[in-house]
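User: I am new to reading protein models and would like to learn how to read a few features, one at a time. Could we work through them together?

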Amino acid sequence: MRTVLVTGLGGAGRTTVAAATALAAARAGRRTLLLSPEPGEALAAVLGLEAPPSADPAEPVAVAPGLWVARIDAAADFRTEFLAFQERAGAALELLGAAPLAGEELTELPGSEQFALLRAVARHTRGDPAPDLVVVDLPPLAEAVALLALPGQLRRYLRRLLPAERQAARALRPVLAQLAGVPMPAQWLYDTAAGWDRDLAAVEELLAAPGTGLLLVAEPSPAATDALRAARPGLALHGLRVGMLVANRLLPAHSADPWLAGLTAEQNKCLDEWGEWDEWGEVHGLQHLGREPRGADDLARLPVPLPVSAPGDATALRPGPSGDGVEDRRAEDGILTWAIPLPGATKDRLGLVRRGRELVLTVGPFRRIVPLPSVLRRCTVTGAGLSDGVLTVRFTPDPGLWPERD
């Protein structure tokens, strides 16, 4: 099975491209599922449906031979998850004197959309039978980067708030409760946290799988180039490799109209720059239809590239900063270095802080906390430099932690 994650700049037509990709795969004989958080009316218009697809992601709707659609309703998902959590925590809430909430009282909180989409992705990629291809219509680019980084961040928070070693003392809680005279943390808290961690780990595993790819949609323009240029280091920081950049709504290559010819030249200039970003996959162009694509016939006129099914292809997401970039230069310079690719980063928007066994990296609006490779945990940071899109951090061995050489 493959998973194609589709994002792009706002207004560039990412939902249309996601739908066209899913339809093309279905017509090529693959059992395909399209997941989208778009409002029902908008999704129905793109797909040419008479009525909006069901908002129940557990029950995808067949919209064409080999193609199913599941619409993600953040409000419904939030109510379901909250009520389930409230039921599990009933005893603790009663102890605190808290009054339970009814489903009709609940309104989703900020961030509910992201959690609903992640849960839906995890659910459908682990289903039985699983589809051959899952196409996920993600939010716009900046939100999508934050969304795809969320599982790793939340797992880190869970490990800090409820460390595994604390769970080993479960057998002692009844005794401790008697000695202290107050109830100790309930088992459901740890069980719930463990369940969350399993779900988040499954999403992380999916994102790192060879069969998962990121497809980015943008309409060539100077503003789009600026936005993509700013996003490049953030994508690299979170290990999100763009397998394909779809240049949408390309104008005719030749036109006698000077105004149209000027716009075409502007688009071509953008495409030339995009093609030079070698850390991304190929640039694939889609011609403007002269109207907004609506319905299966229009979607079929968009020559979207079919996702390949072989594992390890160029669209696979890659891990973020890893120990592969560590170089031992103690013999020559008495240091070790860690090379972290950050294409497009600039020194004035780069931040670096060492916190214990972790490194806090900031690139413009993007931030990631990464664990240090084990060999560098016994060192101190002594400097860093940025050159040709690569951040090189220098480490000096700590004499108190490093074994003496013979």
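User: Which residues is His 238 in contact with, leaving aside its neighbours within four places in sequence?

Analyst: Contact means that heavy atoms lie within 4.5 Å, and on that rule His 238 is in contact with Val 145, Ala 149, Gln 153, Arg 367 and Arg 368, once its neighbours within four places in sequence are left aside. This is a predicted model, in which local features need pLDDT of at least 70 and side-chain atom pairs count only at pLDDT 80 or more, while totals for chains, interfaces and linings use all residues. Residues are numbered from 1 along each chain as its sequence is written, and side-chain values use heavy atoms, with hydrogens and water left out.

User: Where does His 238 lie, and is His 238 buried or exposed?

Analyst: Helices (H or I, at least four residues) and strands (E, at least two) are DSSP runs numbered from the N terminus, and His 238 lies in the loop between helix H10 (222–237) and strand E7 (242–250). Buried means under 20% relative accessible area, exposed means over 50%, and partly exposed is in between, with a 1.4 Å probe and protein chains only. With a relative accessible area of 13%, His 238 is therefore buried.

User: How many helices and strands does the chain have, and what percentage of its residues is buried?

Analyst: The secondary structure comes to 13 helices and 15 strands, and buried residues make up 43% of the 406 residues in the chain. Among contacts between residues at least 6 apart in sequence, 71% join residues at least 24 apart.

User: What should I look for when two helices pack, for instance H10 and helix H11?

Analyst: Begin with the axes, which are lines fitted to C-alpha atoms, for helices over the stretch in contact, with angles running from 0 to 180 degrees between N-to-C directions. H10 and H11 (residues 258–275) pack at an angle of about 15°, with their axes 9 Å apart. Angles under 35 degrees count as roughly parallel, over 145 as roughly antiparallel, 65 to 115 as roughly perpendicular and the rest as oblique, so H10 and H11 are roughly parallel to each other. A crossing is left-handed if the near helix is turned anticlockwise from the far one by less than a right angle, and right-handed if clockwise; the crossing of H10 and H11 is right-handed. In this packing, Pro 222, Ala 224, Thr 225, Leu 228 and Arg 229 of H10 meet Glu 266, Cys 270, Glu 273 and Trp 274 of H11.

User: At what angle do helix H1 and helix H2 cross?

Analyst: The axes of H1 (residues 14–27) and H2 (residues 40–47) come within 10 Å and cross at roughly 55°, which means that H1 is oblique to H2. The contact is made by Thr 15, Thr 16 and Ala 19 of H1 together with Leu 43, Val 46 and Leu 47 of H2, and H1 passes H2 in a right-handed crossing.

User: What is a nonpolar core, and which residues have the most contacts inside the largest one here?

Analyst: A nonpolar core is a set of buried Ala, Val, Leu, Ile, Met, Phe, Trp, Tyr and Cys residues joined through side-chain atoms within 4.5 Å. The largest one has 91 residues, and those with the most contacts inside it are Leu 35, Leu 138, Leu 228, Leu 235 and Trp 274. Not counting residues up to four places away in sequence, Leu 228 touches Leu 9, Leu 141, Leu 216, Ala 218, Leu 245, Trp 274, Trp 277 and Trp 280.

User: How many aromatic pairs are there?

Analyst: A pair of aromatic rings is described by the distance of the centres and the angle of the planes. Rings of Phe, Tyr and Trp (its six-membered ring) pair if their centres lie within 6.5 Å, and planes under 30 degrees apart count as stacked, over 60 as edge-to-face and the rest as tilted. By this rule the count comes to one aromatic pair. The rings of Trp 277 and Trp 280 have centres 5.4 Å apart and planes at 85°, so the pair is edge-to-face, and both residues are buried.

User: What is the phi of Arg 249, and what is that of Asp 388?

Analyst: Most residues other than glycine have a negative phi. Arg 249, which is found in strand E7, has a positive phi near 60°, and at 14% relative accessibility Arg 249 counts as buried. Asp 388 has a positive phi near 55° and is found in the loop between strand E14 (379–387) and strand E15 (390–397), where at 79% relative accessibility Asp 388 counts as exposed.
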